[in-house]
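Please read the following briefing alongside the sequence and the coordinates.

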Amino acid sequence: MKITDVKTYLMQPGPRPGLAGPDASFRGSRNWLFVKIETDEGISGIGECSGWPRVVETAVLDYRSILIGENPRDIDRLWHRMFVASMGHGMLGTVGGGALTGIEMALWDIKGKALGQPIWNLLGGRFRDRIRVYGHAKTAERARELTNLGYSAIKVGFTGAVKLDCVAAVREAVGADVDVMVDAHGPSWMTANDAISVGRALEQFDLLFYEDPVAPENLDALQRVRDAVDLPLAAGERVSNIWGIRPYVERELVDVIQPDTGRAGGITQMRKMAAMAEAHYITMAPHSGSLGPVAEFAALHVMATIPNALMLERVEFDWPGRYEVVAPVLKVVDGHLPVPDAPGLGVELVEEEITKYPSARNVGDMPPDDGGAYEPGTVDECVYFQPRLGRRARLRMTKPGG
Ligand SMILES: [Mg+2]
């Protein structure tokens with residue numbers, strides 16, 4: 001078998017004809033990039049890449065010259081060829097990671113289809129036939145919606161300061177038997193001491209994990225949080241491949257690694273990361289925040305085959321067209337997604353739907369000024385790191401009931 005072509009499908013979830021309200025006007029900056037690899041035997045495979053999809057598309061197409069004419073069964077050898085070919089562009093970045101991921105995923109899809117086997121059966125078989133998922137909520141109402149759908153784990157995420165009253169409301173709404181997590185999204189402005197004080201305030205909520213309490217590249221700060229806060233920690237969504245995740249695991253800085261199934265480097269890289277984590281008694285809960293539906297299928301295959309699979313992130317209340325651009329549709333039952341049984345990934349693109357949503361941009365809007373947290377007249381724009389005013393204003397740790 002030989003690879004004959006590599007195609008990309010870039011789309012931006014957007015307004016949908018015939019709908020009213022928010023569904024009609026939805027246009028985020030999020031893009032989804034799907035890859036299709038074709039072969040001379042008529043078998044094709046698909047994959048998905050995150051890591052700045054509009055840029056990754058160019059990287060994927062650059063790799064065509066390495067892939068065409070090669071045997072798609074040689075997944076690891078081809079991965080290494082592409083990795084070495086792009087070393088000069090940096091080795092741990094998520095753009096390269098995204099490109100390698102979508103291609104590698106498509107190669108696994110081809111192998112599975114050629115052998116008539118689901119990918120999980122080529123990776124050592126299953127530990128489980130369904131994967132626990134978690135959803136997102138900031139209010140008691142949304143948390144109850146999720147538990148009514150069967151979710152047994154809910155994450156409260158903050159892009160600004162962590163608000164204790166939101167966490168308290170969610171915990172109270174779902175009771176003690178549902179897992180609650182908090183994602184601080186790696187705030188670069190949070191000092192280690194601030195992240196420790198927030199973490200100590202969160203201890204009362206019995207969290208399953210406290211995610212990205214400091215900027216993810218600030219590993220020494222993470223170590224200090226690790227030593228001072230009595231909560232499990234999670235991180236790793238912004239790095240790719242085994243060398244990106246290595247310090248988190250080797251230093252045992254976290255209890256949960258969260259590689260992104262669209263940019264971690266591929267299915268084999270995810271499996272290797274899981275094995276590294278297993279040796280340190282660390283579990284894995286893949287990131288899925290901005291991903292499309294193809295990467296979700298890949299995550300299910302990986303999660304089925306590793307002993308230390310904790311659960312999978314899922315955006316339940318997503319863009320309504322999410323499952324119209326692929327088939328079949330996955331449904332959460334009793335807080336779990338089923339592990340696909342069809343050969344390969346078990347999912348196909350619906351190309352005519354994808355072409356309805358062309359990509360226009362892939363850079364998010366600037367977040368609004370965070371409640372007057374900056375010195376007036378000096379800084380009024382979003383800057384990765386800058387001093388902020390007022391400890392309480394920047395942490396906004398409103399106590400429950402206060
Ligand atoms: Mg996160």
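In helix α10 (residues 219-228), the residues Ala221, Leu222, Val225 and Arg226 are buried, a residue being called buried if 20 or more other C-beta atoms lie within 10 Å of its own, exposed if 12 or fewer, and partly exposed in between, with C-beta atoms placed from the backbone. Seen down the axis of α10, these buried residues fall within an arc of 145 degrees, so they line one face of the helix; the arc is that of the directions from the helix axis to the C-beta atoms. This is a predicted model, in which local features need pLDDT of at least 70 and side-chain atom pairs count only at pLDDT 80 or more, while totals for chains, interfaces and linings use all residues. Residues are numbered from 1 along each chain as its sequence is written.

**Surroundings of α10**

- On the other side of α10, Asp220 and Asp227 are exposed.
- The buried residues of α10 pack against α9 (192-202) and β8 (233-235), where two residues are in contact if their C-beta atoms, placed from the backbone, lie within 7 Å.
- An α-helix has 3.6 residues a turn, so residues three or four places apart point the same way.

**Packing of α4 with α5**

- Helix α4 (residues 75-85) and helix α5 (residues 94-115) pack at an angle of about 165 degrees, with their axes 10 Å apart; axes are lines fitted to C-alpha atoms, for helices over the stretch in contact, and angles run from 0 to 180 degrees between N-to-C directions.
- The two helices α4 and α5 are therefore roughly antiparallel to each other, a term used for angles over 145 degrees, whereas those under 35 count as roughly parallel, 65 to 115 as roughly perpendicular and the rest as oblique.
- From α4, Ile75, Leu78, Trp79, Met82 and Phe83 meet Leu100, Ile103, Glu104, Leu107, Trp108 and Lys111 in α5.
- By class, this contact of α4 with α5 has 9 nonpolar, no polar and 2 charged residues, with Ala, Val, Leu, Ile, Met, Phe, Trp, Tyr, Cys and Pro counted as nonpolar, Asp, Glu, Lys and Arg as charged, and the others, Gly among them, as polar.

**Packing of α7 with α8**

- The axes of helix α7 (residues 140-148) and helix α8 (residues 164-174) come within 8 Å and cross at roughly 35 degrees, and α7 passes α8 in a right-handed crossing.
- Ala140, Ala143, Arg144 and Thr147 in α7 meet Ala169, Val170, Glu172, Ala173 and Val174 in α8.
- The residues of the contact of α7 with α8 divide into 6 nonpolar, 1 polar and 2 charged.

**Backbone geometry in loops**

- The peptide bond from Ala327 to Pro328 is cis, with omega near 5 degrees, and Pro328 lies in the loop between β12 (326-327) and β13 (336-338).
- Trp52, in the loop between β3 (44-49) and α2 (53-62), has a phi near 90 degrees, a positive value in a residue other than glycine.
- His185, in the loop between β6 (179-183) and α9, has a phi near 60 degrees, again a positive value in a residue other than glycine.
- Trp52 is partly exposed, with 18 other C-beta atoms within 10 Å, and His185 is partly exposed, with 18 other C-beta atoms within 10 Å.

**Whole chain**

- The secondary structure comes to 15 helices and 14 strands, where helices (H or I, at least four residues) and strands (E, at least two) are DSSP runs, numbered from the N terminus.
- Buried residues make up 46% of the 402 residues in the chain.

How values were computed: A crossing is left-handed if the near helix is turned anticlockwise from the far one by less than a right angle, and right-handed if clockwise.
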